[in-house]
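Please read them with the coordinates open.

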Amino acid sequence: MQSATGKAQGVLVLSHVGFSFLEDLVEVLDARSLASYVLSSLPLPEHQLDRPREMREKADDVRIVPRHELTEKDVEAYLADLRERGEDVVACVSVWEGYRHLMAHANAALGVPDLDPKQVLTLRDKLTVRNRLADAGLTRSRAAELTRESLAAHQGLKRRQFVKPVSGIASYGAFPLSPGTTWDDIERIVREAGGDTVYASAFGDDGLTFLVEDYVEGREFSFEVIADDGAVSVVAVHEKCEVTEAADTVLENACVSPPRGVGQDDLARGLSWVREVLAHFELRWGCFHIEARHDGRHWDLIEINPRVGGALISHSVRELTGQAGMLDLWMDALLAGAGGLSQRAAFRDRLAALAYAQDGSTPARTATFFRVFFAEKGRIEHIGPREDLPLRPTVTHVLLKAGDVVDAAAREVFLGQLLWSFPREESTAHLAELARTSAHALDVRYADATPDL
């Protein structure tokens, strides 16, 4: 039967409200001559006029369900329809964390090695993850459910603690516990989450519940990982060189790679720790963005994300490797897993050449720095990159525009993001310059008078 797309094979892409790195994923598939079959939940009202048209202009086939959340039945029905039309679907991918278990479900149906959907859901339960790792000696922090009744008791412990949703996403509602934290603060975040069309479905069937855990001290990093049948490759390590802990959320402002705040020996210990963490949960397949802190002696977990990291992580990895971003590598891992032994062996050889060695050294000859800009409450009057920057960005993404109105929320609202890359041996000079100038690299002005929002 002749495929309607004219391409021999294709990949199912699960998109949340019409986005979720859709353009980047289609580009990755186009580069491999693979059709893109996009299944999306309904875009937000302000995007329902233009976004479906934009999606159909880019992808080979698009189905949009009439709800803001995809279900398992939606995925099964679309896969069945594609098969009936003669399309050869070879894998499924989604970078939206709320759909990662649906991706795993689809890959199981397609015979593609991936995480089990139950493993994905376990990773989303941060209370269980924290305490299982504590039992195994892989974290020094423990967590407990936070309730109205237990709040005061935790505040009375007189040690640093951190509050976050049991099944959270994008730092929504994550913040340090303070003597001034009240249950009204928690209930306000729950109300805001319930009214947030984009994020509400990501908090689990039981709604937004919270945990409180011992504060993890130290510098913050992320390990960008590909696991292929238990063989773990750390392709990049990013150091979060600027993190802002606000009252209701945590903003990760800037990252550098390779990291500057730990030495090669500490990185080697970090690589071993990452492998132990993945092995503990039997996470043998997939792409992981593992956030961790290092206090000068120990590595400790922030969270395990079974997907590509957000912001410009994938773009940064492409600059570091000189050939492939994390989206490319994740896609190639899925295709290799679905292929024969020779295809998998070739992919492993390629990964070995790109990834960190066990001694903590990296083959990267390039360094990167990227900064994420978050919006403030108000109406944007002007936005754009400055023209007088001493070092031109390699990647510039401006995500909002003049006239957009930003409401206050407990999650970050991305305004834009810029990435710079440069020879690794020039890192010291360029990072000093970027530390001085990058925070003002995006020119943003808000209207003086903010109307009722």
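This is a predicted model: local features need pLDDT of at least 70, side-chain atom pairs count only at pLDDT 80 or more; totals for chains, interfaces and linings use all residues.

1. Leaving aside neighbours within four places in sequence, Ala-375 is in contact with Leu-400, Val-406, Val-413, Leu-415 and Tyr-446. Ala-375 sits in the loop that connects strand 14 (366-374) and strand 15 (378-385). Its relative accessible area is 18%; the cut-off for buried is under 20%, so Ala-375 counts as buried. The C-alpha atoms of Ala-375 and Phe-414 are 6.1 Å apart in space, while the two residues are 39 apart in sequence.

2. The order is 17-15-19, and the pairing is antiparallel. Strand 17 (405-406) and strand 19 (442-446) are at the edges; each has a single partner strand, so one side of each is left without a neighbour in the sheet. Strand 15 and strand 19 run antiparallel and are joined by five bridges. In this pairing Pro-385 stands opposite Leu-442 of strand 19. As background, strands of a sheet pair through backbone hydrogen bonds, in either the parallel or the antiparallel sense.

3. Is strand 6 (residues 161-165) enclosed by the rest of the structure or open to the outside? Five of its five residues are buried, so strand 6 is largely enclosed by the rest of the structure. Strand 6 pairs with strand 8 (residues 210-214) in the antiparallel sense, over five bridges. Lys-164 stands opposite Leu-211 of strand 8. Strand 6 also runs antiparallel to strand 7 (residues 175-176), to which two bridges join it. There, Val-163 stands opposite Phe-175.

4. Arg-130 lies in helix 6 (residues 126-135) and has a relative accessibility of 2%. With that value, Arg-130 counts as buried, the cut-off being under 20%. Not counting residues up to four places away in sequence, Arg-130 touches Thr-139, Ser-141, Arg-142, Ala-143, Lys-164, Glu-213, Val-216, Asp-300, Leu-301 and Ile-302. Which residues line the second largest cavity? They are Leu-123, Lys-126, Val-129, Arg-130, Lys-164, Glu-213, Leu-301, Ile-302, Glu-303 and Ile-304. Helix 6 and strand 13 (299-305) are the elements that give two or more residues to this lining. Strand 13 gives the most, with four residues. By class, the lining has five nonpolar, five charged and no polar residues. The volume of this cavity is about 60 Å³, and a search of the whole structure finds three cavities of 30 Å³ or more.

5. Helix 2 (residues 51-58) has Arg-51, Pro-52 and Met-55 among its residues, and these are buried. Seen down the axis of helix 2, its buried residues fall within an arc of 100°, so they line one face of the helix. They pack against helix 1 (22-31), strand 2 (35-40) and strand 3 (61-64).

6. The peptide bond from Ser-257 to Pro-258 is cis, with omega near -5°. Pro-258 lies in the loop between strand 11 (250-257) and helix 9 (264-280).

7. Positive phi values are the other backbone item. Lys-158 is a residue other than glycine, yet its phi is positive, near 60°. Lys-158 is found in the loop between helix 7 (151-155) and strand 6. Is Lys-158 buried or exposed? Its relative accessibility is 75%, so Lys-158 counts as exposed. Ala-311, also not a glycine, has a positive phi of about 55°. Ala-311 is placed in the loop between strand 13 and helix 10 (313-321).

Definitions and conventions:
Residues are numbered from 1 along each chain as its sequence is written. Side-chain values use heavy atoms; hydrogens and water are left out. Buried means under 20% relative accessible area, exposed over 50%, partly exposed in between (1.4 Å probe, protein chains only). Two strands pair if DSSP finds at least two bridges between them. Contact means heavy atoms within 4.5 Å. On a 1 Å grid over the protein atoms alone, a cavity is a set of points where a 1.4 Å probe fits but cannot get out, and a pocket is an open set with protein on both sides within 12 Å along at least five of seven lines; lining residues have an atom within 4 Å of a point. Grid points are joined across faces, edges and corners, and a volume is the space filled by probe spheres set on the points. Ala, Val, Leu, Ile, Met, Phe, Trp, Tyr, Cys and Pro count as nonpolar, Asp, Glu, Lys and Arg as charged, and the others, Gly among them, as polar. The arc is that of the directions from the helix axis to the C-beta atoms.
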